[in-house]
There are 2 protein chains.
Amino acid sequence: VKDVDTKSLKVIGMVSEVSASGISAVLAEIHGTGSNTRVEPRLYQNYPLRSKMLDAISVALRPEESRADFIAALNFALGELFAAAAIDLAKEAGVGIEFVDLIGIQGQTIWHSTEQTEVGGMWTFSTFQIGEPTVVSERTGVTVVADFRAADVAASCRGAPLSPYGDFLLFRSANRSRAVQNIGGISSVTYIPSGGKLDQIVAFDTGPGSMLMDAVVFLLTEGKKRSDIDGKLAMAGTVNRVMLSHLMEHPFVQKRPPKAVGHMEFGVQLAEQIISQWCDVSPEDIVATVTAFVAHSVRRSYERWLPKMPDDVIVSGVGARNPALMQKLSEALPHTKIYRSDDFGIDAEAKEALVIALLASEAIHGQPTSLPTATGAQQPVILGKIIPGRNYKELKGI
Amino acid sequence: VKDVDTKSLKVIGMVSEVSASGISAVLAEIHGTGSNTRVEPRLYQNYPLRSKMLDAISVALRPEESRADFIAALNFALGELFAAAAIDLAKEAGVGIEFVDLIGIQGQTIWHSTEQTEVGGMWTFSTFQIGEPTVVSERTGVTVVADFRAADVAASCRGAPLSPYGDFLLFRSANRSRAVQNIGGISSVTYIPSGGKLDQIVAFDTGPGSMLMDAVVFLLTEGKKRSDIDGKLAMAGTVNRVMLSHLMEHPFVQKRPPKAVGHMEFGVQLAEQIISQWCDVSPEDIVATVTAFVAHSVRRSYERWLPKMPDDVIVSGVGARNPALMQKLSEALPHTKIYRSDDFGIDAEAKEALVIALLASEAIHGQPTSLPTATGAQQPVILGKIIPGRNYKELKGI
């Protein structure tokens with residue numbers, strides 16, 4: 001057991017996203033707390049899941065097939081994978097897990113309701129993430145903070161993007177208004193006005209992301225491809241204007257914020273619908289049009305729901321790795337400067353994991369990280385559950 | 001926000017048990033930490049669940065019917081009920097929830113595996129408790145510690161009784177060896193040698209408890225009674241010796257510790273088996289015999305697996321409220337002094353909730369509360385996940 005430097009913590013942030021086919025893990029040095037926080041990312045790695053595990057997660061995502069005993073086992077199994085990823089990342093970074101102070105985990109979402117449902121005579125919103133953090137704490141000895149979304153749903157009902165607080169710390173600017181646009185499985189935006197304060201942030205899910213694009217590619221290639229690598233299929237096709245207009249009429253895109261995408265709302269079911277409805281359109285054109293749908297739902301969100309069009313858009317998530325999508329986004333937002341988060345020293349695929357590392361660090365400091373302006377909650381709350389590791393006694397003193 | 005007295009915390013402990021048909025909640029003043037801990041229980045109340053909610057929990061207990069979306073909603077609904085119970089208990093105690101420092105919650109177990117199961121190509125033990133603690137933290141503003149069993153399963157695989165550490169603090173004696181025997185839904189013992197140290201404790205589940213007795217009564221009365229109130233049915237019957245011998249051959253009773261009762265191992269399925277197998281035995285005799293089964297499985301456990309027969313047995317749980325069971329226990333253990341925990345100032349039905357309050361307090365102090373001797377784990381771990389409330393920043397300073 002070592003002393004914790006009160007000014008700096010070595011934090012691992014991890015996120016499991018089906019669309020990413022694995023665990024995104026980043027190691028960062030985090031100095032300070034609140035608006036004084038400074039972050040230095042050290043190493044990012046993606047840990048792919050085996051196809052058997054991806055299949056098990058697919059089962060978990062279908063409520064009609066996901067039994068409690070199966071979910072319980074999957075929860076513990078994913079915990080082991082998070083633990084192994086953390087240990088490997090620390091080793092690769094030349095640090096050693098025993099010198100890591102804190103681990104933040106955003107587990108695999110297997111359910112998220114956007115409407116109240118009835119159970120036992122009560123009506124409630126709910127959310128459900130798995131990847132047992134006590135397994136990670138036990139295997140590594142390190143204190144873990146996890147399950148960030150539950151607190152947000154408890155406070156705000158519908159839940160909302162978790163990233164606004166972290167986006168603010170990472171990307172705010174004194175003289176530029178900025179939209180931090182994540183395009184992961186689904187897409188979400190954090191709008192930070194120029195010289196903005198925390199209570200002026202606007203954040204919501206913009207709609208579809210790579211989960212829909214991947215599902216369309218998977219179905220069209222009969223399972224041969226899991227995603228449109230380098231946007232090649234989309235670039236070989238032409239956007240079908242009629243189909244695009246039709247897609248843009250999706251109720252979620254029309255909806256006023258605060259809003260969060262529902263369970264599998266932009267997933268395999270919508271992909272199946274699209275493919276059967278537009279069976280006379282070529283596969284390449286379908287992929288091109290669905291890619292444009294992601295870009296245009298972003299533009300529409302900005303036009304309708306942001307206080308003004310941002311000076312800069314900073315794209316993160318796997319979407320930033322798709323040149324066809326980035327090009328369509330540039331075309332859709334001609335007067336806006338478009339960056340990847342990489343341009344700010346943050347690997348686009350590591351951004352969400354880095355935000356989770358920040359949320360973990362702030363939880364340990366006792367600092368609220370949910371934004372009422374983004375979530376509609378009455379007051380800010382500390383997000384995350386703290387699982388005390390062997391270093392908790394020293395850590396809690398910070 | 002008030003200052004936290006570093007020497008004393010007002011802690012609410014809560015437990016949900018189907019057999020108790022509700023939430024057991026206790027408010028206690030806890031002074032100090034580790035072996036210096038001193039506990040003053042203030043108020044105990046049971047909050048019955050409505051029959052619609054009990055029915056929903058019954059569905060959750062049957063893996064083949066329990067879907068992920070249903071479980072997610074039930075998790076949040078039970079969170080609301082825990083929150084309401086905590087707020088009411090504080091009010092009834094004349095304290096006000098804003099003066100409570102900490103809440104400990106042992107949620108409803110809906111799954112607990114005692115064998116490894118395969119998922120996604122991995123083998124794992126697992127456990128699953130519900131009653132979302134972030135809802136409790138959000139509604140009360142108070143920091144919550146919950147989900148104690150997960151850490152124990154992560155560390156020891158099979159999991160074990162959670163109560164040994166708390167039982168030690170509450171009941172150890174300088175000159176008497178003691179068995180703290182809880183008879184809740186299932187039954188478990190903590191053996192504390194005279195003048196004993198923490199590492200000399202033996203603890204394991206002894207077998208059946210009120211879940212089996214209640215299920216038998218429910219089935220025999222065709223749902224008219226949910227339990228054998230005051231042991232009246234058992235006292236009207238005679239123990240069937242042949243049936244008792246047969247029941248005592250149950251593999252769990254024969255098994256060597258460390259051991260934990262599996263999911264519904266002594267529940268409605270066994271009750272159905274018993275009733276169909278012994279259809280020529282009168283209902284009263286069946287209830288008398290099943291009651292004797294609980295008492296004799298306790299005696300057999302002591303004879304076989306404790307280092308010596310204890311000087312004192314201290315009974316807690318709803319079982320302590322059943323005079324027929326207490327009488328059968330006295331007959332089965334003729335050379336041992338039998339107490340109820342009430343004799344030590346601790347309401348028998350409040351004991352488990354009080355232990356949870358103690359575990360919560362110790363987690364906040366960063367004090368390990370699992371006992372490797374009881375669980376078979378390699379090292380002690382801090383049990384529980386900490387959900388920071390609005391008082392966490394002050395609380396973590398203790």
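This is a predicted model: local features need pLDDT of at least 70, side-chain atom pairs count only at pLDDT 80 or more; totals for chains, interfaces and linings use all residues.

Helix α2 of chain B, residues 68–92, gives the most to the side that touches chain A, at 11 residues. I then sorted the residues on that side of chain B by type: 34 are nonpolar, 14 polar and 12 charged.

Next I went for the salt bridges between chain B and chain A, and the count came to two. I noted down A:K385 with B:E132, where the closest N and O atoms are 2.9 Å apart.

How much area do chain B and chain A bury between them? I have about 4,900 Å², 64% of it on carbon and sulfur atoms. In chain B, the residues that lose the most area to chain A are B:F76, B:K385 and B:K396, together 13% of what that side buries. As for contacts, 60 residues of chain B touch 60 residues of chain A.

Then the sheet. In chain B I traced an open, five-stranded one with mixed pairing, in the order β12-β11-β10-β13-β14. Its edge strands are β12 (202–208) and β14 (337–340), each pairing on one side only. From one strand to the next, the twist averages 20°.

I zoomed in on β13 (residues 312–316) of chain B, which pairs with β14(B) in the parallel sense over four bridges. There, B:I314 stands opposite B:Y339 in β14(B). Last entry: helix α11 of chain B (residues 283–305) packs on the sheet, touching β10, β11, β12 and β13. The direction of α11 makes about 150° with that of β12(B).

Terms used
Residues are numbered from 1 along each chain as its sequence is written. Chains are lettered from A and ligands numbered from 1 in the order in which they are written. Side-chain values use heavy atoms; hydrogens and water are left out. Contact means heavy atoms within 4.5 Å. Buried area is the accessible area (1.4 Å probe) that two parts lose on being put together, summed over both. A salt bridge is a side-chain nitrogen of Lys or Arg within 4 Å of a carboxyl oxygen of Asp or Glu. Helices (H or I, at least four residues) and strands (E, at least two) are DSSP runs, numbered from the N terminus. Ala, Val, Leu, Ile, Met, Phe, Trp, Tyr, Cys and Pro count as nonpolar, Asp, Glu, Lys and Arg as charged, and the others, Gly among them, as polar. Two strands pair if DSSP finds at least two bridges between them. Axes are lines fitted to C-alpha atoms, for helices over the stretch in contact, and angles run from 0 to 180 degrees between N-to-C directions.
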